[in-house]
Amino acid sequence: MPDGTQLRATAKRISVCNHKGGVGKTTLTFNIASQLAEMGKRVLMVDADPQCNLSAYVMESAVVDDLLDHSDDDDGETIWSGVKPVVDATGAVSG
């Protein structure tokens, strides 16, 4: 392109949602992601469930426990850590 910017493919998004528990959402999500990765696709799984079962599929339980133990901290590394300052009205949304 003349201005130096590069075009990139639009990312495909797959969402698995069901309010009923025990229907296999986590297992289905993990297996879809696994197969896409085996096909050479880049995959990002986002575990927004408070139980963190998807995270537990791919991380050691001690790591998940540590992340959850520090999710309320200023330097937490969970989705909740990122939105908590906005919920508490102590921070701003940054981009």
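This is a predicted model: local features need pLDDT of at least 70, side-chain atom pairs count only at pLDDT 80 or more; totals for chains, interfaces and linings use all residues.
## Largest pocket

The largest pocket has a volume of about 1,100 Å³. Its lining comprises 29 residues, and Arg13, Ile14, Val43, Leu44 and Met45 are the closest to the pocket centre. Two elements, α1 and α2 (53–58), each give two or more residues to this lining. Helix α1 supplies the largest share, with 6 residues.

By residue class, the lining of the largest pocket holds 14 nonpolar, 7 polar and 8 charged residues.

## Second largest pocket

For the second largest pocket, the volume is about 370 Å³. There are 19 lining residues, and those nearest the centre are Asp47, Cys52, Ser55, Thr78 and Ile79. The elements α2, α3 (61–69) and α4 each contribute two or more residues to the lining. The lining of the second largest pocket divides into 13 nonpolar, 3 polar and 3 charged residues.

## Helix α1

Helix α1 covers residues 25–38, and its 14 residues should span 20 Å at 1.5 Å a residue. The C-alpha atoms at the ends of α1 are 20 Å apart, which agrees with that expectation. Gly40 follows α1 and has a positive phi, near 90°.

## Ser81 in helix α4

Ser81 lies in helix α4, which comprises residues 79–87. The relative accessibility of Ser81 is 12%, so this residue counts as buried, the cut-off being under 20%.

The side chain of Ser81 reaches the backbone nitrogen of Glu77 at 3.4 Å. Leaving aside residues up to four places away in sequence, Ser81 touches His70, Ser71 and Gly76.

Technical notes: Residues are numbered from 1 along each chain as its sequence is written. Side-chain values use heavy atoms; hydrogens and water are left out. Helices (H or I, at least four residues) and strands (E, at least two) are DSSP runs, numbered from the N terminus. Buried means under 20% relative accessible area, exposed over 50%, partly exposed in between (1.4 Å probe, protein chains only). A polar contact is a pair of N or O atoms within 3.5 Å; within protein, one must be able to donate a hydrogen and the other to accept it, and residues adjacent in sequence count only if both atoms are side-chain atoms. Contact means heavy atoms within 4.5 Å. The expected span of a helix is 1.5 Å times one less than its number of residues. On a 1 Å grid over the protein atoms alone, a cavity is a set of points where a 1.4 Å probe fits but cannot get out, and a pocket is an open set with protein on both sides within 12 Å along at least five of seven lines; lining residues have an atom within 4 Å of a point. Grid points are joined across faces, edges and corners, and a volume is the space filled by probe spheres set on the points. Ala, Val, Leu, Ile, Met, Phe, Trp, Tyr, Cys and Pro count as nonpolar, Asp, Glu, Lys and Arg as charged, and the others, Gly among them, as polar.
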